[in-house]
Structure formats: C-alpha cells, structure tokens
Amino acid sequence: MMRPTWVLALLLLVSCARTVNRIDPAQQIDLSGRWNDSDSRLVAEKMTTDLLSNARFQEYAQQLGKKPVIIVGQIRNRTSEHIDANAFIKKLEVALFNSGRADIVESSTFRDKLREERAQQQDFADPETVAQWGKETGANLMLFGEMTSETDVYNNQRVVNYLTTLFLTDMETNKRIWYGQQEIKKQIKN
Amino acid sequence: MKSRAHFWILISAGLWVSCATYYQSNQAFNQEFEQGNLSNALSTLQADGREAKGKREFLYYVNNGLILSLMGKYDESNEYFEKAFLFGEDYRKNYLNEAASYLTNPMITTYKGEDHEHLMLLYYKAVNFLKMGRSEEALVECRRLNIRLQQFSDRYENENKFQRDAFIHVLMGIIYDHDKDYNNAFIAYRNAWEIYETDYERLFRTHAPEQLKLDLLRTATLSGLTEEFNSYKEKFNLPDYEYRSRDTGELIFFWHNGLSPIKTEWGINFVIDRRGDMVYFYNQELGISFPFSLQGYDDREKNSLNNLEFFRVALPRYLERPQYYHQGNLILPDTTYSLNLLEDVNQIAFKSLQQRMHLELSKALLRVALKKAVEHQIKQEDRTLGSVLGMINVITEKADTRNWQTLPHSIYYARVALPAGQTEVTLELTGPGSDVHRHQFTYQVAPGQVLFHTFSSLESRYVNFGY
C-alpha cells in the first residue's frame, strides 16, 4: 500500500481535461439502455424501406392516378419513457419526399401558423402577391402510429421490448393501406 | 526535514477556516430572508462578490435565483438559475482542493450541490417560465429535468434508496399538460403515481396527491388511451369519473411551506484497536467499526497509525426547521380546494444524506487518519512543530455544512378551475392552535387559459440549533 503522503501527491498530480469528439451519427453507442438515437434511426430505416417498396401503397397511388398526399397525424406513445417520435418521423418524411412517391402537407401546428400569416397578408401584402384562401391541398392519407414497450426486471437485469407501429389510413374510407412495424429488444445488465 | 514540517503547518494554517457552520457564517442573510425582508437579503447576498466565483458559487446562484423569483423578477431569477444549471453541467472535481481537504476539511472544496438541489433549481426555472407565459422554454427545462432524473436513477441501484423523484414527474406532467401534449403528460403523471405508490409511501410515508388521480384520468382521456383510462378508473375507485371539457380557465397554485433543513455538524469519537496488520477505528456507543489495512506500510508509518489512540471525526447532519403551518386551503366563492402535498423536501434532504453517510464517514476517517499520520511523522522530527500541527488539525477538523437553505420545507399544490373573468380566491393557512392566516388574491382568466401562482410562507416553528 502507498504511503498516505504519496496518495495525496498522486491526487494533486491527477488532472483530466474534458474531451469532445465529433463522431459518425450512424455509430451505435448505448449508454443507459434507454431509447436513443440508434433506435430512432433503426425505426426510420425500416419504415422507409417498408413503405417505399410496399405493393399496396404503390397500388393505391396507381388507383388514385396521382401522387398520394400525406399528412402526419398522432404518434401515440404508450411506453413509460418520453420518446420524441419526431426523431424518426421526420427522417421518414424526408425519405418519402425525396423519393417523389408522395407529397406531404403540413400538420396542424405549422398549418395554423400558415393560416395566421395568410390572414395577415390579406390586410398588409401587395394584392398581386397575396396567398389565396381555399387553395390548400387536401391530404389523401393520414399517418398514425403507436409505440409500446414491455419491461421485465429481475435483480440487476432488465429486458425491454419496444414495438413501434406506423400506419397510413385513407381519409375517405378509413381503410388502412399500409402497416410498418419495428421491434427492438434490449437486454440491460447493470 | 524541518522545512517539510513547516510546509505542512503553513499549508494547514493557510487553509484554516472559521469553525462556524455555513448557516452561522451567513447569519445576516439568513435572518433577513427568514423575516421575509427579501430586498435586504438580496443586497446582503450580492454584497460579497467573492461568493459568485468562489467555492460556494452554486449556492450563490441558487439563492439569488430563488429570492429574485420570490420578488417576481422571473427573468433575472432565471439568469441565475441558468448559471447554476451550467455549473452542474460543467462541474469537475478540483483534485488539488480534494487533496487539500484531506489535510484540513471538506469546506475548502467547491460545493457541487445535492442531487435534489439540481432538480429543484430546474423546477423554479420552469415555473418562472410558465408564469411569464413562455411555455416553449418551460418545455426545455422539462427535457433537462428528464435527463437529470435518468442520471439520478442510474446512480443508485438499491431500491431502498431515494433515486426517483415523483414531484419532478408531476411537474413534467404539468408542463406537458400546459403544452397540450397530453400523451407525454399522461406518461409523466403515470410515472409519478408509480413512484408515489412504491417509493414515497415506503421511504417518506408520503401518499400520491388526490389531484394526480384526476390528472391521470383526464390526460388518458385526452390522449385516447382508453384501456389505461378504464384501468386507472377502477384502480382509483372512481367509477363515475367522466372528463368534461369546460369553458373555464385554470389556476395551478404551488404553496412553498416553511424552510428546508440546514446542515450542522456532529462528531464521533473513535478509538484505535490494532490487530496484526489491521487497524480498527472503533466507536463503542454507536457500535461501528472501520477496518484499515496496514499492509504495505513501513514500520515507522505503522507505528504512527498505531499511536492514534483517540480522535474525533466531524460529520454533517441535517437539522429540521419544522413547518409552522400544517394545512393550506384555497377558498373560492363556491368551492374549497385543499392543497395537496407534492414533495417533502425536508425528508428528501435527510434521506439523501443518510444514504451516503457511509461514504461521508469513510472520507472523514481517511481525512483524520491522514492528518494524524502526518502529525506523527512530524512529531518524530520536531516534537513542538508536531504538537502545533496536532492543534491545528483539531481546530480545522470540521464537516461540510453547506446546503441550499432557502428552499421550502415542503411543496403543496392544487389545480383550480376558475370561471372566465375575475375571481377572488382566499388562501387559508392553519398553524398550531388553529392560528389561521388568510391571504386574498384576484385572478383574471380567459377560457382555456392556465395561470401559475407560487406562494411562499417562510415561517418555521422553533428550531433547536443546539449551539
């Protein structure tokens, strides 16, 4: 064992500098075992591949005779964690938009802002540049989703199974025309 | 050798601090604050600019933040709370100070703040934002709280330890609820309910507030969680509950009752019992014994430690400032709402210290052992200097008595439906011997609007400081 004065000297010499590194966003890093960016990415990738290659979605677009217009509805979170579904929904939206297979219209939060701005334009903007009322694009499909989790705990171990399900529903018929599902199971040992 | 001895004495003497506790060393400030003389308390606090960058930087920020919040200066208050938050984020151990503290006492290290204090500062900050109608910024604090709670629960694995804060979950629910994010509000309320039921009832005998039941059912309905709604309705035995949208406003009223405990100091006397290569620090009264291995030490050092027949170790302890008022009601023209207990900050402070007392005691013993070992080494070289150092060691031996002392003893709340327009509300506080104090408030609310109000009663019952 070291002499007490040496322990102190060692403590005095120890110094750690904070380090910050930028890393590849695709790198999987799990610290606590809770839902994290890697899970959101897995869900986004699975849902995008599923939707873009889905035969029923393509068939629906063909029958419609134009690109389907999608609006994002509610993603219900039934888990015990505060998970921001936007993290994977936005990735899905970007992939869908870039693929050119569907159009996306604003959901309620941003739509209300647009309507507010349009109302202001009626009073203050040059009449030739005023955005007209009644020209909004109506959506054909609404995207819904649900996240659930089941947790089993014993001593220092925890197993959590996250199930994320997304579905597109026809606005006129209430029929679901696409389902995507991603299951992520984690075992955490403390 | 003499020069080395002088060095230790100079170090110790230089680091010598007064033997007053943190509370005693801020007598003027405490007196002004406890009497509700907030502007004087603030001036006293801010008069000593060294505090802002010293070892009590965290306490300086949170005390400023809290007083400014009480004075209704929410923006300024949040500037201080933000500094306190960033302090917590960037806090790093200063090993030089840590090492020096083993030769003197822990008061010379930077105070990093208790876990519950780091949560409480975000509570104040979030509520300040809500009062200013800045809900987006309150949501940021809500996310920060979530991260803090996760860090907090990961730190302790033992279920008998305080590791989950129900009140903070309720607060998160209130913030999400206000943002009309009913799904997240439901999750937060559900987590809070579970923690009250499992942890709080067992650890603190604190039951879940009645209001929480109604908030859980309401947010379950508004999020379309029918199964969960039915299950809780049955669990709460509220078969007739039905959510009805009302054309009223709402008031969320927080009552901060009394003042949180202060830290003082107590001492344990230990005797040395040496058996072979082990030294036992032993206290017969408390029946505690700490082994200390001497393997690897040379004979001279073994003898140094062996010669420590008797010594005193200083440890921190909390002293409660009992609440003056034991009940609070909000009286409207047609209804009376009783204020529900959300968080017993006093008990949480006691529990936090209690659960790390073993660590505190080990650190204190190591500190005294090191001080004594150095003292004996010097005594062998120069008896007089050794004795002087021994005296300094006795004087400087003290516990860390710092904590956030302007926090309330307990936090209560009520969610009150207010008819659109102007309403007179009476806050009725009941103290010992049915001593009732009433405060009148007038609220102006529009349909759907939510108002936030905090009321602090700083009165405490007699405190036996024992000095």
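Reply: In chain B, H9(B) passes H10(B) in a left-handed crossing, a term used where the near helix is turned anticlockwise from the far one by less than a right angle (right-handed if clockwise). This is a predicted model, in which local features need pLDDT of at least 70 and side-chain atom pairs count only at pLDDT 80 or more, while totals for chains, interfaces and linings use all residues; side-chain values use heavy atoms, without hydrogens and water. Residues are numbered from 1 along each chain as its sequence is written, with chains lettered from A and ligands numbered from 1 in the order in which they are written. Helices (H or I, at least four residues) and strands (E, at least two) are DSSP runs, numbered from the N terminus.

Helix H9 spans residues 135–155 and helix H10 residues 166–178 of chain B; the two pack at about 150°, with axes 10 Å apart. Axes are lines fitted to C-alpha atoms (for helices, over the stretch in contact), and angles run from 0 to 180 degrees between N-to-C directions. The angle therefore makes H9(B) roughly antiparallel to H10(B); under 35 degrees counts as roughly parallel, over 145 as roughly antiparallel, 65 to 115 as roughly perpendicular and the rest as oblique. On the H9(B) side, the residues in contact (heavy atoms within 4.5 Å) include B:Leu139, B:Cys142 and B:Leu149. Among their counterparts in H10(B) are B:Ile168, B:Met172 and B:Tyr176. By class, this contact has ten nonpolar, four polar and no charged residues. Ala, Val, Leu, Ile, Met, Phe, Trp, Tyr, Cys and Pro count as nonpolar, Asp, Glu, Lys and Arg as charged, and the others, Gly among them, as polar.

Another helix pair is H5 (residues 57–70) and H8 (residues 115–131) of chain B, packed at about 30° with axes 11 Å apart. H5(B) and H8(B) are therefore roughly parallel to each other. H5(B) contributes B:Phe58, B:Val62, B:Leu66 and B:Ser69, and H8(B) contributes B:Glu117, B:His118, B:Leu121, B:Tyr124 and B:Asn128. Five of these residues are nonpolar, three polar and one charged.

Turning to the strands, an open antiparallel sheet of four in chain B has the order S7-S6-S10-S11. Two strands pair if DSSP finds at least two bridges between them. Strands S7 (336–338) and S11 (436–445) of chain B are at the edges with a single partner strand each, so one side of each has no neighbour in the sheet. The twist averages 25° from one strand to the next. S10 (residues 421–430) of chain B pairs with S11(B) over ten bridges, and B:Thr423 has B:Tyr443 as its bridge partner in S11(B).

Another open sheet of four strands, S8-S9-S1-S12 of chain B, has mixed pairing. Within this sheet, S1 (residues 249–257) and S9 (residues 410–418) of chain B are antiparallel over nine bridges, with B:Phe253 opposite B:Ala414 in S9(B). Helix H12 (residues 210–222) of chain B packs on the sheet, touching S8 and S9 of chain B, and its direction makes about 50° with that of S9(B).

As for confidence, the model scores ipTM 0.72 and pTM 0.82. Chain B has a mean pLDDT (the predictor's confidence in each residue, from 0 to 100) of 86, and 91% of its residues reach 70 or more. Over residues 13–17 of chain B, pLDDT stays under 50. Where pLDDT is low, the predicted coordinates should not be read in detail.
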